[in-house]
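Hi,

Have a look at it first, then read on whenever you have a moment.

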Amino acid sequence: MLTDKQDFDEIYNSYKNLVMKAAYKYSEDYDIAEDIAQSTFLQLYKYIDKLENTNIKSWLYTTAKNMALNENKKAEREVLQEMTDEWTVTGTDDSAEEKYMNRSLDMDRSRLHEVIFTALYEKNERWYMAIRLVYYLEIPQVVVAEEMGIRVEVLHSLLHRAKEWIKKNFEVEYDELNQL
């Protein structure tokens, strides 16, 4: 029977990466994938005694995938609502055309950033983590180095390599987008 905490810990340690990869694959957002992975294991913890004859690996993957797909649908509805709300705002100095162009440019930048972060994650998870923690979450480098279990000098090297790789692979797209 799978009700023992030790059994749960073994399952978690065996499949945490699989669940995270499934969640990230279908959500394409690392933060959302972390939340989905946590929710997936919470569901497992709640219902583990009812899953005696179930293939746990398959159950975990399917649950993470479905949660990610549901999150995507929820996000689409929220974006549509936000866009509708933005069109009803009045009294600003920008013309409708300028608003549309600015919003379009922001969406294009956001998509490019997602592409860059996804590619960086696939290239090197440590680079991704370092960039995300230092530049996106703005956590001090000393804290990030300690959290990653490396020296600050090694973190500087990771950040430099990651930035150089991003520049090499996405400089043209980024420059074209900013010339608009």
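From the N terminus on, the elements run α-α-α-α-α-α-α, which makes seven helices and zero strands in the chain. Helices (H or I, at least four residues) and strands (E, at least two) are DSSP runs, numbered from the N terminus.

Before the details, two notes on the numbers. This is a predicted model, where local features need pLDDT of at least 70 and side-chain atom pairs count only at pLDDT 80 or more, while totals for chains, interfaces and linings use all residues. Residues are numbered from 1 along each chain as its sequence is written, and side-chain values use heavy atoms, with hydrogens and water left out.

First, the chain as a whole. Of its 180 residues, 27% count as buried (under 20% relative accessible area, with exposed over 50% and partly exposed in between; 1.4 Å probe, protein chains only). The chain exposes about 12500 Å², and carbon and sulfur atoms supply 49% of that; the areas come from the Shrake-Rupley method with a 1.4 Å probe, and for residues only the protein chains shown count as cover. Among contacts (heavy atoms within 4.5 Å) between residues at least 6 apart in sequence, 61% join residues at least 24 apart.

Next, the aromatic residues. A search of the whole structure finds 11 aromatic pairs. Rings of Phe, Tyr and Trp (its six-membered ring) pair if their centres lie within 6.5 Å; planes under 30 degrees apart count as stacked, over 60 as edge-to-face and the rest as tilted. Tyr30 and Tyr128 form an edge-to-face pair, at 5.1 Å centre to centre and 65° between the planes. Since Tyr30 lies in helix α2 and Tyr128 in helix α5, this pair ties together parts that are 98 residues apart in sequence. Tyr121 and Tyr128 are also edge-to-face, with 5.1 Å centre to centre and 85° between the planes. Tyr128 is buried at 4% relative accessible area, Tyr121 is buried at 11%, and Tyr30 is buried as well. One aromatic cluster takes in Tyr24, Tyr30, Phe117, Tyr121 and Tyr128.

The elements giving two or more residues to the lining are α1 (5-27), α2 (30-47), α5 (125-136) and α6 (141-148). By class, the lining has nine nonpolar, two polar and six charged residues. Here Ala, Val, Leu, Ile, Met, Phe, Trp, Tyr, Cys and Pro count as nonpolar, Asp, Glu, Lys and Arg as charged, and the others, Gly among them, as polar.

Best wishes
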